[in-house]
Amino acid sequence: ISKKELEVIDPHLIGHINILKDKHATEKYGQKGKDGVIEISSKTNLPNEKQWEKENADAKESDKVFVKLETEPTFPGGKNAWAAYLQKNLDAAMPVQEGWKAGVYKVIIRFIVRSTGEVTDVQAENYAGTKTANMCIELIKNGPKWVPGKQNGKLVNAYKKQPITFIITEQ
């Protein structure tokens, strides 16, 4: 994983990192694990590390959240459906009403697409706290289920970053 790909992970949410190499990696991940694997698990509200390790020793694959996948999660219907959804549900005037100046603004919303397509943990990576970013968060939260990502042919939980671009012109 490159440094840029790791930027998707909030370091405050990392609870456990496991490094697998050699036969351990290939036994678990097949040929894709031949160069080694880094597994990153998020924190839980457990009181201490020992208890976390004990309770999560047999953590299911379904609890993991992937950063990099063979097939990334997508909006149902693809890019055209995403554009139509934005056109129907987005208040494109919000940044202007909020006082943003002329320019191009890309609000990046980060969330998890569960293996079921459910969207969770929605937050703005930039412009956090603005009415515009909050509108984008609500747009993702209240939207349809997404098409989940795939890893090794299985539907998995995955982080997703979705940019929403606003272009404000001088009037």
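Q: What covers the buried residues of H6?
A: The cover includes helix H4 (78–89), helix H5 (94–97), strand E4 (103–113), E5 and strand E7 (154–168). Helices here are DSSP runs of H or I with at least four residues, strands are E runs of at least two, and both are numbered from the N terminus. Contact means heavy atoms within 4.5 Å.

Q: And which residues of H6 are buried?
A: In H6 (residues 131–141) they are Thr132, Ala133, Met135, Cys136, Ile137, Leu139 and Ile140. Buried is under 20% relative accessible area, exposed is over 50%, and partly exposed is in between (1.4 Å probe, protein chains only).

Q: Before I go on, what sort of model is it, and which residues count?
A: It's a predicted model: local features need pLDDT of at least 70, side-chain atom pairs count only at pLDDT 80 or more, and totals for chains, interfaces and linings use all residues. Residues are numbered from 1 along each chain as its sequence is written, and side-chain values use heavy atoms, with hydrogens and water left out.

Q: OK, the core. Which residues touch the most other members of the largest nonpolar core?
A: Trp82, Ile109, Phe111, Ile140, Trp146, Ile164 and Phe166, out of 25 residues. H4, E4, E5, H6 and E7 each supply at least two residues of this core, and the largest share, six residues, comes from H6. A nonpolar core is a set of buried Ala, Val, Leu, Ile, Met, Phe, Trp, Tyr and Cys residues joined through side-chain atoms within 4.5 Å.

Q: What does Phe166 touch?
A: Beyond residues up to four places away in sequence, Phe166 has a list of contacts that includes Thr132, Met135 and Cys136, as well as Leu90, Pro95 and Tyr105.

Q: Over to Val119. Is it buried or exposed?
A: Buried, at a relative accessible area of 16%. Val119 is found in strand E5 (residues 119–124). Leaving aside neighbours within four places in sequence, it is in contact with Phe111, Ile112, Ile140 and Trp146.

Q: How far apart are Val119 and Ile140?
A: They're 21 residues apart in sequence and 7.7 Å apart in space, C-alpha to C-alpha.

Q: How do E4 and E5 run, and how many bridges join them?
A: Antiparallel, with four bridges; strands pair if DSSP finds at least two bridges between them. Ile112 stands opposite Thr120 in E5. The hairpin has five residues between the strands, and Gly117 takes a positive phi near 95° there.

Q: Switching to charges: how many salt bridges does the structure hold?
A: Five, where a salt bridge is a side-chain nitrogen of Lys or Arg within 4 Å of a carboxyl oxygen of Asp or Glu. One of them joins Arg110 and Glu125 (3.3 Å, N to O). Arg110 lies in strand E4 and Glu125 in the loop between E5 and H6, so this pair ties together parts that are 15 residues apart in sequence.

Q: Are Arg110 and Glu125 buried or partly exposed?
A: Arg110 is buried at 10% relative accessibility, while Glu125 is partly exposed at 33%. Arg110, Glu125 and Lys161 are linked in a network of salt bridges.

Q: Which residue does Asp121 form a salt bridge with?
A: Arg114, with the closest N and O atoms 3.5 Å apart. Asp121 is partly exposed at 46%, and Arg114 is partly exposed at 22%.
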